[in-house]
Structures are given as structure tokens and as C-alpha cells.
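Subject: Structure for your files

Hello,

Here is the structure I said I would pass on. My notes on it follow below.

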Amino acid sequence: MASDAFWIGPARSEDTEAIHDLVFQNPDQFLRRISFETLKGRIAAGVCWVARRGGAGREIVAACVITVPETSPGKPPEPAEFGGLYVHEQLRGSGLGTSLATFAVASYFWDNDAENSAPLPLIAHVHVKNQKPRRILGKLQFVQKPGVIEVPDGIEGFEHMPKNAAGNVEGHEFEYPAAKRPDLFRWAAMVLETRTLTKGEPVEFDCPIGMTAAELRRLAAALDSAPR
Ligand SMILES: CC(C)(COP(=O)(O)OP(=O)(O)OC[C@H]1O[C@@H](n2cnc3c(N)ncnc32)[C@H](O)[C@@H]1OP(=O)(O)O)[C@@H](O)C(=O)NCCC(=O)NCCS
């Protein structure tokens, strides 16, 4: 692998401090903070992905997390939430955020109910004033729900975010339509094969077991032909 290549794959427990320092210690004004312990739990659950610069085992320069709620029998499942997407300031605009998000969401669906026609819903939230992640969510085919969600003062992790006159944080909610997974799997297959970011930087992926471009396409075709 070229020494300047990027590497995208799952975070490991020993990465917790580096991810916390990069993303959550002094979070971006639009990014919800999570604690070190919470991050540790997400990494242990296999739902945190990182990008490294310089290949496997090297400096972490981007991360994202999917929060998967506990399910309780008899209760409708809470949605999982894609968030914490962050790319090192100096590396923005080269497609790293797009590749990381695509890989993370495809890996998540690959590992969770991949062939189920009604997987656990997946949502994302974006501060009303934050334009930066919207193109990525759009490319992944998340759909913005109408209206604004208000997070009242005092909820952990939102303290540093811009607030409205009433002191609440305002956000838009996005939902991932399960029917779009075949498109996502096909796009992820292309991303895996292309192995470059949008401006041509090389990138390698550490895929979940069995997740190859061919298998993603097979799964997409199976989902397309499955009864809805
Ligand atoms: C959001 C973020 C992860 C994007 O990372 P990135 O590596 O720059 O993203 P990409 O290079 O893949 O760009 C993706 C798209 O977003 C667009 N975009 C990037 N910055 C933008 C901005 N400030 N305003 C509007 N669109 C923007 C790009 O033009 C690109 O669109 P295109 O593919 O149609 O050209 C990065 O800006 C970041 O870390 N922001 C701070 C944290 C944050 O806001 N996280 C989201 C919390 S919900």
C-alpha cells in the first residue's frame, strides 16, 4: 500500500483515546459529544468506523458511529442512529467523509439483518445551521423528515451547540428508507472496487467478513427481487 494511502475500517478498543481526542474532546459546534465510556462501548459493539492516513494502524483522521439501541420484547424498536461523522479539518473536501459514511452504513446493514425486508430503522440528526453533512446524507439516500426537532436545554452532549431564543438546540431528522439498501450496497461495491477518494487519493478498506463487491451486488439483487 502506498504510504500516503487512506485506510477505512472498524475502530479497535486501543483507538478509543485517539478517536475521543479527535472528535469528542472539543467537539465541533454541530456534533453531539459522547463520553469516553460511551465511545468505548460503541467501539466494543463494532459500530464505530475510522479512516487512517498512511495505512492500517496509522493516524486516525476521521470517524463515525452508529448508535444501536437495546431492544425490549413487546416494545417497538427504537431506531439506530448514524452520527459523530467527523473528518480532520485539513482533509475535508476530498471525499473522505463520503467514503467513510458509505462504508460504515453499508457495513452496518451488512452485519445487521442484511436480508430482512424490515431492518431496524436508521436515522440521523443534523443541526439546522449545519450544511456540511447534508450532501453525504443525500448521496446515501437518507430522506429529511418535515419539521424541526428541538432538544431542550440540559440534555448531555448538546451543551456546546448553537441554541434558539428559547435555549433549545434545533435539528432536522433524516431517515434511511430500507428500500434503498440495494442502491447503497451497489454504490458501496463500486467504492470498494474504485479504491480512490473523489480527488484520486488511494484508499483501502477493511471489510466485515464476507463483504466483497461481488457479495454486495448479490445481496442487492436478492433484496431487489424479494417480496416487499
Ligand atoms: C461533514 C464532514 C464529515 C464532511 O467531510 P468531507 O470529507 O469534507 O466530505 P466530502 O469531501 O466527502 O464531501 C461530501 C459532500 O459534502 C459537500 N460539502 C462539504 N462541506 C460542505 C459545506 N461546508 N457546505 C455544503 N456542502 C459541503 C461537498 O461539496 C461534497 O459534495 P459533492 O460530493 O457533491 O461535491 C466534515 O465537514 C466535518 O467533519 N464537519 C464537522 C463535523 C460535522 O458537521 N459533522 C456532522 C454532524 S451531523
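I start with helix α1, which covers residues 16-24 and has I19, H20, L22, V23 and F24 as buried residues. The cover over these buried positions of α1 includes helix α2 (36-44) and the strands β2 (48-53), β3 (59-67) and β4. Please keep in mind throughout that this is a predicted model.

Overall fold

The protein chain holds six helices and nine strands. Its radius of gyration is 17 Å, which agrees with the value near 17 Å that a compact globule of 228 residues would have. The C-alpha trace spans about 50 × 45 × 30 Å along the principal axes. Of the 228 residues, 35% are buried. Among contacts with a separation of 6 or more, 71% are between residues 24 or more positions apart.

Strand β1 and its partners

Strand β1 takes in residues 6-10. β1 pairs with β2 in the antiparallel sense, and five bridges join the two. β1 also runs parallel to strand β9 (residues 203-205), with three bridges between them. F6 can be followed into both pairings: its bridge partner in β2 is R53, and its bridge partner in β9 is V203.

G9 also lies in β1. Is G9 buried or partly exposed? Burial needs 20 or more C-beta neighbours within 10 Å, and G9 has 19, so it counts as partly exposed. Leaving aside residues up to four places away in sequence, G9 touches W49, F205 and D206. G9 and A63 are 54 residues apart in sequence, with their C-alpha atoms 9.6 Å apart in space.

The ligand

The shell around the ligand consists of 20 residues, and the closest are R92, G97, T98, K132 and R135. Three elements each supply at least two residues of this shell: β4 (80-87), α3 (96-111) and α4 (134-140). By residue type, the shell divides into nine nonpolar, seven polar and four charged.

Two backbone points to check

D113 has a phi of about 55° and is found in the loop between α3 and β5 (122-127). With 13 C-beta neighbours inside 10 Å, D113 counts as partly exposed. R195 also has a positive phi of about 55° and is not a glycine. R195 is placed in the loop between α5 (181-194) and β9. It has 14 C-beta neighbours inside 10 Å and so counts as partly exposed.

Regards

Notes. Residues are numbered from 1 along each chain as its sequence is written. This is a predicted model: local features need pLDDT of at least 70, side-chain atom pairs count only at pLDDT 80 or more; totals for chains, interfaces and linings use all residues. Helices (H or I, at least four residues) and strands (E, at least two) are DSSP runs, numbered from the N terminus. The radius of gyration is taken over C-alpha atoms; the globule rule is 2.2 Å times the number of residues to the power 0.38. A residue is buried if 20 or more other C-beta atoms lie within 10 Å of its own, exposed if 12 or fewer, and partly exposed in between; C-beta atoms are placed from the backbone. Two residues are in contact if their C-beta atoms, placed from the backbone, lie within 7 Å. A residue is near a molecule or strand if its C-beta atom, placed from the backbone, lies within 6 Å of it. Ala, Val, Leu, Ile, Met, Phe, Trp, Tyr, Cys and Pro count as nonpolar, Asp, Glu, Lys and Arg as charged, and the others, Gly among them, as polar. Two strands pair if DSSP finds at least two bridges between them.
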